[in-house]
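User: Can you walk me through this one? I'd like the fold first, then a few residues.

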Amino acid sequence: MAVAVETLRPHHTIWGDALIRLRRNRLAVVGVTFILLLALGAMLVPYVSPYPWDRQNYNIILQNPSWAHPFGTDNLGRDVITRLLYGARTSLQVGIFTQIIVVLVGIPIGAIAAAAGGRMDNIIMRFVDVMYAFPDLLLIILVRAILGPSIYMLFLAIGLVAWVNVARLVRGQILSLKQRDFITAARAMGASGPYITLRHLLPNSIGPVIVVLTFNVPRAIFAEAALSYIGIGANTPSWGTMIRDGYEVIFAAPHLVAFPALAVGILMLSFTFLGDGLRDALDPRLRR
Amino acid sequence: MEKNILIEVKDLTKYFPITSGLIFQRIVAHVKAVDGVTFSIGKGETLGLVGESGCGKTTVGKCILQLYRPTSGSILFEDKDLCTLSENELRPLRQKLQVIFQDPYESLNPRFTAADIIGEPLRIHGTATGKAYRERVAELLDIVGLAPYMAERYPHEFSGGQRQRLGIARALALQPSFIVCDEPISALDVSIQAQIINLLGTLQDKFGIAYLFISHDLSVVRHISDRVAVMYLGKIMEISDRTELYKSPLHPYTQVLLSAVPIPDPEVEAQHVPIVLKGEVPTPINPPSGCVFHPRCPKAFEPCPTVIPALRDAGGGHQVACLLYSTSWP
């Protein structure tokens, strides 16, 4: 049979297409660049910085920025930029590890609720509603009190309050995808329920999930900074801890608050820009 | 003819419940989407199923494929009643029963490549693996007129017509004996419609597949069908041989439908006065009593609101459900 004479669009995979659109979004590129630079700095800081993060030197306390100490020194004579980059480790770890927990908890729960339907769905989603309505910070403090002060428990505590919106999203995505003809086609072929969920429903809901995860990261970073600020956060260098320490001497050395506060703000903004860019890039309405 | 029946639908009924209530859901009414439909399709035959939107055409197709479980009635295929089988018992039979959808943008998984889409039925049923699998996928691409290099492309890189070809290739993968074509061309450009129709015709001649061709386009149905069934509000009004139905429609509803088809001759068309129906299609939640068409029927007479007309033979296999053609009514 003769080949139908119709022209094809240039060949791109779905992810390739999204990447092209993401690269056209200037703010998203700025965000990614900042995140990557910060991550690089956080990784390399032990090898590059001449000062360990906890080296105290009482001869140079509360110094203003200089060539030796680009971001100045704090009230114990520690180098601020070194501590800031170590703090970036905590922030980025919180951002990433909490989202791993969110993925591991939120996606299965949302998928199970949507797949089960009926009463099971109702019970699961009412539980999710309760979690959603509960004040996050209060719950984190509670979990912190029970699980102890380790940084991993902090990831767990933040992750356990952040999974609910992903669970909701995944459930909604699956419920709407289920109505599409390609799911009906798979059922007509004799595909089993788990096969349809794993091969069709979940891969097609992954785009919006990635966007929500990206928007979740700045919330987690902020939660960690807030917890550290009130003294129940990380016991490693953290931007929240630095802001609290600097707050005591804010009139003598405002840069001690300014730099970590700016760092929190810019990192959160970077992830928000990235999330915005991803949302546009992965929007299925722009495909076709 | 009798021996060659492939699929037999008897008294098929599908009611969708309408529920109300936040926690304790009660059934408050039913949408009578399909209400006592009976027909059969022979091997390698095309039955056209026409009717307005919402008359239950698609529901009939989905019930045959057991995508909806019918409320009552039976569907005999290979001596088995599909309605009584469990999903596991149905699985082997599903290889023989396939479907082509209306919207080729909706019916293909956007994250699968063309080869993944076409090969999916083979993977699900484990029909072919390795080299045989790749060869079969390449063969299917060729059968529907797509080039081999298109195998690794994604649905969004294809045009509507090409996507519909992919849908057809997927339906053909397991060598079915019956395909439900649910408005397979309504979403396509007119120039592409002809290509797809011709492809479906060629495939039928080649593989002896029977089609249930669901459409609201009377001229297309006339072109492709061997027999035509006309549906209105969940019931079949008339079934007949194609030429017979278009030449001498018996049911007033069919006559109205056919009079609405434009005639491709401007002089004849200028003389032609279409019969225009009064009112809207009634709701299938609460269909009219007696003959469901009586409130709009130009030829309704006194028994119509009370007597439900049965589908009966008016000679030569031309079946019609209308009291005008029944000699007696109770």
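This is a predicted model: local features need pLDDT of at least 70, side-chain atom pairs count only at pLDDT 80 or more; totals for chains, interfaces and linings use all residues.

User: Good. How many helices and strands does chain B have?
Analyst: The secondary structure of chain B comes to 10 helices and 12 strands.

User: What about its radius of gyration, and what does that agree with?
Analyst: Chain B has 21 Å. A compact globule of 330 residues would have a radius of gyration near 20 Å, so the value agrees with that. Along the principal axes, the C-alpha trace spans about 70 × 60 × 45 Å.

User: How much of chain B is buried?
Analyst: Of its 330 residues, 54% count as buried. The chain exposes about 14700 Å², and carbon and sulfur atoms supply 54% of that area.

User: And the contacts: what share join residues at least 24 apart?
Analyst: That share is 63%, counted among contacts between residues at least 6 apart in sequence.

User: Charges next. How many positive and negative side chains?
Analyst: There are 32 positive and 35 negative side chains in chain B. The centres of the two sets lie 5 Å apart.

User: Now the open sheet. What is the strand order?
Analyst: Eight strands, in the order S6-S7-S8-S3-S9-S10-S12-S11 of chain B, with mixed pairing.

User: Which strands stand at the edges?
Analyst: Strand S6 (97-100) and strand S11 (312-313) of chain B. Each has a single partner strand, so one side of each is left without a neighbour in the sheet.

User: Which strand does S6(B) join, and how do they run?
Analyst: S6(B) joins strand S7 (residues 178-182) of chain B through four bridges, and the two run parallel. Within that pair, Ile100(B) has Cys181(B) as its bridge partner.

User: Another pair, please. How do S3 and S8 of chain B run?
Analyst: Parallel, with five bridges between strand S3 (residues 46-50) and strand S8 (residues 210-215) of chain B. Leu47(B) stands opposite Leu212(B) there.

User: Let's move to S4(B). How many bridges join it to S1 of chain B?
Analyst: Five bridges, and the strands run antiparallel. Strand S1 covers residues 5-20 of chain B. Glu8(B) in that pairing stands opposite Leu76(B) in S4(B).

User: What do S4(B) and S5(B) form?
Analyst: A hairpin with two residues between them. Two bridges join these strands, which run antiparallel. Leu76(B) turns up again, with Asp81(B) as its bridge partner in S5(B).

User: What is the phi of Glu78(B) in that turn?
Analyst: Positive, at about 50°. Most residues other than glycine have a negative phi. Glu78(B) lies in the loop between strand S4 (72-77) and strand S5 (80-81) of chain B.

User: Where is Leu233(B), and what is its phi?
Analyst: Leu233(B) is in the loop between strand S9 (227-232) and strand S10 (235-241) of chain B. Phi of Leu233(B) is near 50°, also a positive value in a residue other than glycine.

User: Buried or exposed, for Leu233(B)?
Analyst: Leu233(B) has 5% relative accessibility, so it counts as buried.

User: And how does Glu78(B) count?
Analyst: Glu78(B) is at 41%, so it counts as partly exposed. The cut-offs are under 20% for buried and over 50% for exposed.

Terms used:
Residues are numbered from 1 along each chain as its sequence is written. Chains are lettered from A and ligands numbered from 1 in the order in which they are written. Side-chain values use heavy atoms; hydrogens and water are left out. The radius of gyration is taken over C-alpha atoms; the globule rule is 2.2 Å times the number of residues to the power 0.38. Buried means under 20% relative accessible area, exposed over 50%, partly exposed in between (1.4 Å probe, protein chains only). Contact means heavy atoms within 4.5 Å. Accessible areas come from the Shrake-Rupley method with a 1.4 Å probe; for residues, only the protein chains shown count as cover. Lys and Arg count as positive and Asp and Glu as negative; His and the chain ends are not counted. The place of a charge is taken as NZ of Lys, CZ of Arg, CG of Asp or CD of Glu. Two strands pair if DSSP finds at least two bridges between them.
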